[in-house]
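Hi,

Here is the structure for your files. My notes follow below it.

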Amino acid sequence: MSSSTYLPLYLGVGAAAVGLHLLMRRRRERGNAEARAEADQAGLNEPPSLHPIVSPVRCIGSGGCVTACPEGALGIVEGRATLINASACIGHGACAEACPVEAITLVFGTEKRGVDIPKVSPQFESNVPGLFIAGELGGMGLIRKAASQGVQAVDAIRRRKAGTGELDLLIVGAGPAGLGAALAAQEKGLRYAVIEQEDSLGGAIYHYPRAKIAMTAPVRLPLVGSVRMSEVSKEKLLEFWHGIVGKTGLTLRFNERMDRIEPQGESFVIHTSQGQHRARSVLLAIGRRGSPRKLGVPGEELQKVVYRLIDAEQYRGQQVMVVGGGDSALEAALQLAEQPGTTVQLSYRSQAFSRVKPKNRSALDAAAAAGRIELLLQTEIERITPEAVSLRGSSGPLSRPNDALIVCAGGVLPTALLQQMGIAFETKHGEA
């Protein structure tokens with residue numbers, strides 16, 4: 001048979017394949033449009049921080065950005081990429097790196113809600129001489145660029161030599177910007193220290209979900225050399241940073257929170273939860289998560305009170321209460337409820353959960369109906385003891401036996417603290 005005999009067959013198979021592809025694409029786009037509508041209705045499509053905006057003129061709808069986003073914040077709607085759940089975006093920039101036509105720009109704020117960003121010089125020095133800002137707090141959430149900013153800031157800092165009895169540099173924050181700066185400071189022989197309010201390095205990376213993080217371009221780090229990563233998980237990235245700390249012997253102080261910074265002459269006195277430091281220069285690499293919002297009640301200093309859920313399995317068989325009404329609180333309660341023998345309560349001061357993902361609300365309703373989670377709506381914590389938690393409810397006081405309390409009440413942004421130091425800000429409304 002001649003090839004022309006098979007031509008109709010080839011054309012038919014090709015047409016069927018194209019038709020199937022278009023059908024599946026339309027279904028995905030319909031699902032994305034529904035997800036965006038649900039997010040809009042739930043108030044979840046307002047970005048909390050650094051986020052992408054997509055040029056409708058340049059976007060070709062390749063879907064590369066959607067695949068690269070581990071949080072499912074982006075989707076294809078009407079042939080173009082769009083935010084379908086902006087509240088899930090953590091601003092790591094994988095989408096922008098993956099776009100083949102550079103149609104994505106990372107910005108802060110929206111027309112409705114502005115975001116305050118510190119003003120810094122090209123050397124990352126704020127308007128307060130000697131006080132430098134690098135990384136996400138200064139407007140750069142991309143991992144490799146944040147690390148590079150920390151390195152570049154040290155080039156200016158090394159010219160500000162310290163006096164006797166003080167550090168050349170105190171670095172606040174052990175994320176990519178802080179670690180990059182620490183490597184540069186050690187390479188240049190500066191007297192430095194790094195303080196980190198968490199119990200682990202990584203900064204915002206430490207709080208990422210178990211998903212892909214894109215680092216599509218190499219970054220050169222002092223004492224380490226060129227680092228090439230294409231796609232790497234959160235756990236592998238943290239393992240990489242821990243390995244660098246082990247090999248280079250970086251000076252890190254964990255569980256030490258910066259409370260305030262006071263100028264003293266041409267230097268600074270940095271007051272922390274562990275004491276004081278005196279340094280000629282300070283680099284703030286603290287991100288935009290801020291410090292955990294606390295309840296401010298008696299007993300909150302007990303060791304059983306924590307501000308995030310790391311491993312639900314460690315609470316197996318215990319009596320655990322979660323406080324909060326956002327997605328992080330609901331997800332923590334749901335994970336705990338899956339552990340054998342664990343008794344779970346969820347306390348929330350309002351009478352309903354509003355700004356949460358519909359799937360989390362549905363899962364919570366099912367768990368509550370099955371008796372796996374006790375909902376304590378319109379309640380507020382009054383006192384925490386080693387054995388129990390006392391609450392104030394709409395119908396009066398109540399108490400629950402308790403082994404652990406997990407507070408998921410968000411964070412307190414450092415803006416006010418920095419303004420007290422004299423740092424100037426500018427408000428971004430959807431600007432890079």
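In which loop does Asn 255 lie? Asn 255 sits between β13 (252-254) and β14 (258-264). Please keep in mind that this is a predicted model.

**Positive phi values**

Asn 255 is not a glycine, yet its phi is positive, at about 55 degrees. Its relative accessible area is 45%. Asn 255 therefore counts as partly exposed.

Glu 102 is another residue to look at. It is not a glycine either, and its phi is positive, near 55 degrees. The loop that holds Glu 102 runs between α3 (94-98) and β4 (104-107). Is Glu 102 buried or exposed? Its relative accessible area is 60%. The cut-off for exposed is over 50%, so Glu 102 is exposed.

**Cavities**

How many cavities of 30 Å³ or more does the structure hold? There are 3. My notes cover the second largest cavity. It contains about 70 Å³ of space. The lining is made up of 13 residues. Closest to the centre of this cavity are Cys 59, Ser 62, Cys 65, Cys 99 and Pro 100.

What is the lining of the second largest cavity like by class? It has 10 nonpolar residues and 3 polar ones.

**To look up in the viewer**

- Asn 255, in the loop between β13 and β14.
- Glu 102, in the loop between α3 and β4.
- The second largest cavity, with Cys 59 and Cys 99 among the residues closest to its centre.

Best wishes

Key
Residues are numbered from 1 along each chain as its sequence is written. This is a predicted model: local features need pLDDT of at least 70, side-chain atom pairs count only at pLDDT 80 or more; totals for chains, interfaces and linings use all residues. Side-chain values use heavy atoms; hydrogens and water are left out. On a 1 Å grid over the protein atoms alone, a cavity is a set of points where a 1.4 Å probe fits but cannot get out, and a pocket is an open set with protein on both sides within 12 Å along at least five of seven lines; lining residues have an atom within 4 Å of a point. Grid points are joined across faces, edges and corners, and a volume is the space filled by probe spheres set on the points. Ala, Val, Leu, Ile, Met, Phe, Trp, Tyr, Cys and Pro count as nonpolar, Asp, Glu, Lys and Arg as charged, and the others, Gly among them, as polar. Helices (H or I, at least four residues) and strands (E, at least two) are DSSP runs, numbered from the N terminus. Buried means under 20% relative accessible area, exposed over 50%, partly exposed in between (1.4 Å probe, protein chains only).
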